[in-house]
Amino acid sequence: GMEKETGAMSGPWMWSGSARRRTARVLSVLMVLGLVAACGGTPSDTGESATQVASPTATPQPELGWDEVVTALQPSVVMIQSDFPETAVSYAGSGFGTGIVYTDDGYIITNAHVVEGAAAVTVAPPGSRRTRPARIVGVSTCDDLAVIKVDNTEGLTPATIGSSSQARVGQEVAAIGFPLESEMGTDVTITRGVISKLDQELAPYESLIQTDAAINPGNSGGPLVDNRASVIGINTLGVDPSVADAINFAISADQAVPVVDDLKQGRNRLWLGMNLTYNDYADFFGTEEGMVVEAVASRSPAESAEVKPAYLLTQLEGLPVNSMADVCRVLRSHKDGDGLRVQFLAITETERQTLEGEVVVGDPDAGKPLTVVAREALSGGGTGGSMSWDFASDTGEWYTGDDETQTITISGGTYNVTFK
């Protein structure tokens with residue numbers, strides 16, 4: 001349990017509210033709902049024209065019924081779909097989240113882990129399957145915030161952003177968004193609860209609102225609202241229900257707004273360009289340590305160093321990294337232009353490679369390709385239509401089964417995968 005006012009995300013018991021694509025764990029087909037991070041997209045041009053931005057108001061709005069709150073927020077939320085390519089540890093597919101309309105000219109707030117490293121991002125208003133293309137304007141990995149922009153603003157209205165400093169423990173709130181979109185459709189959903197705690201620090205997050213309002217996969221990036229239809233938080237993550245019930249978190253609005261205003265100008269914060277998640281692939285990498293690179297943003301510092309999806313980040317500045325808290329502890333001690341020493345593990349068809357080099361914070365043009373510093377031959381594998389490993393000494397539980405892409409069996413001390 002969590003008893004302290006501060007802490008760190010020390011393991012995968014903390015999950016994000018983004019509905020992630022299907023992910024392969026080694027060669028099995030499992031659904032993984034995990035917190036992903038790192039950056040996506042290219043900074044937009046600065047110097048945008050002045051636009052309407054909803055901001056805290058001095059005069060309190062009247063209290064509304066929750067049905068009226070949903071009606072008021074309908075034109076201010078969008079469903080976000082992020083498409084990711086296939087990697088060695090994941091199938092090609094889509095992740096889903098929620099966005100909050102921030103300005104009348106199409107700037108939208110969401111979580112960084114919803115869009116970072118995506119090959120394509122689209123949005124749709126509630127109840128609609130008609131998508132609109134969106135571009136990633138700015139990303140802050142360690143704040144887990146991103147700003148995207150759509151040119152088609154028809155039917156969209158900026159949300160009213162309230163001040164989380166006016167919130168109080170016990171106050172009624174609601175999470176609005178699109179949970180489990182692929183199963184439940186595109187109608188907006190509301191879950192109600194109360195504020196359980198304010199200004200919770202949980203590294204790398206600096207100011208969270210804890211609530212018992214359910215934040216489910218697909219809710220990430222959506223609004224936590226009060227009964228005046230004011231956004232007081234950005235729904236972000238929750239504790240795995242198998243660990244604890246009804247513990248969910250939103251980034252406080254007062255923490256988010258200054259970051260969002262910076263990102264809106266196309267200024268990424270402490271940007272490396274890697275979409276990182278916990279290492280759930282120990283069988284594939286041969287270790288439980290490190291953070292898996294799920295995606296790499298185009299024209300990012302990581303791409304310039306030739307970091308690839310399905311690499312395992314094992315060290316940053318010589319320190320081991322096993323969580324985003326570890327990554328952000330290093331990043332927040334540096335600034336744009338600083339070169340960070342990195343170490344990765346990569347698995348090829350024939351060997352396990354250790355790569356080292358430098359990634360320059362915030363600079364997509366300064367990187368040099370990583371260098372392979374160690375190689376270890378794999379005991380099995382191949383390049384044909386089937387692969388096998390010697391399982392004579394392995395007593396672990398391995399996936400077997402048959403699906404549309406492969407048949408997996410274990411026989412004679414060998415793990416056999418036949419691709420269809």
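1. The model is predicted, so local features need pLDDT of at least 70, side-chain atom pairs count only at pLDDT 80 or more, and totals for chains, interfaces and linings use all residues. Residues are numbered from 1 along each chain as its sequence is written, and side-chain values use heavy atoms, with hydrogens and water left out.

2. Five bridges pair β8 with strand β9 (residues 145–149) in the antiparallel sense; strands pair here if DSSP finds at least two bridges between them. Strands are DSSP runs of E with at least two residues, helices runs of H or I with at least four, numbered from the N terminus. The two strands β8 and β9 make a hairpin with four residues between them, and Asp 144 in the turn has a positive phi of about 55 degrees.

3. Strand β7 (residues 120–124) also runs antiparallel to β8, joined by three bridges. Thr 122 stands opposite Pro 133 in β8.

4. Strand β8 (residues 132–140) is mostly covered, with seven of its nine residues buried. Buried means under 20% relative accessible area, exposed over 50%, and partly exposed in between (1.4 Å probe, protein chains only).

5. Ala 302 lies in helix α6 (residues 301–304). Ala 302 counts as buried because its relative accessibility is 0%. Neighbours within four places in sequence aside, Ala 302 is in contact (heavy atoms within 4.5 Å) with Leu 272, Gly 273, Met 274, Val 296, Val 307 and Val 359. Between Ala 302 and Gly 367 the C-alpha to C-alpha distance is 7.7 Å, at 65 residues apart in sequence.
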